[in-house]
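Morning, everyone. Please bring the model up on your screens. I'll start with a term, then move to the strands and the pocket.

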Amino acid sequence: MKEYGAVDPERREVLIHRADHPGYRVGGISEGRRVSTAVPGFWIEVEWLWRHPLPSALDCLRQILGPGGLEEGA
């Protein structure tokens, strides 16, 4: 597994675990865009996770897949 993430709702942080020999490197992000290294073209605005109510999955996918939404080279 190249990477996996865990959401800490109390700290409002996404912890990203990336494969790094011999184990995983861990980094946290609490705002901004998180671009996946495992799924080409996929990203998420971390702030979406803290909205109340949560944005719809369809609205998020429209932004990810819309014009200019996919990362370069995806």
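Helices (H or I, at least four residues) and strands (E, at least two) are DSSP runs, numbered from the N terminus. Residues are numbered from 1 along each chain as its sequence is written. This is a predicted model, where local features need pLDDT of at least 70, side-chain atom pairs count only at pLDDT 80 or more, and totals for chains, interfaces and linings use all residues.

Confidence next. pLDDT is the predictor's confidence in each residue, from 0 to 100. The chain has a mean of 87, with 91% of its residues at 70 or more.

Now the strands. Two strands pair if DSSP finds at least two bridges between them. E1 and E2 run antiparallel over six bridges. Four residues separate E1 from E2 in a hairpin, and Arg12 in the turn has a positive phi of about 50°. E2 also pairs with E3 (residues 23-29), antiparallel, over seven bridges. That hairpin has two residues joining E2 to E3.

On to the pocket. A pocket is an open set of points on a 1 Å grid over the protein atoms alone, where a 1.4 Å probe fits, with protein on both sides within 12 Å along at least five of seven lines; lining residues have an atom within 4 Å of a point.

Which strands each supply at least two residues of the largest pocket's lining? They are E1 (3-8), E2 (13-20) and E5 (43-45). E1 gives the largest share, five residues. The lining has 14 residues, and Val14, Ile16, Arg34, Phe42 and Ile44 lie nearest the centre.

Conventions. Heavy atoms only, no water.
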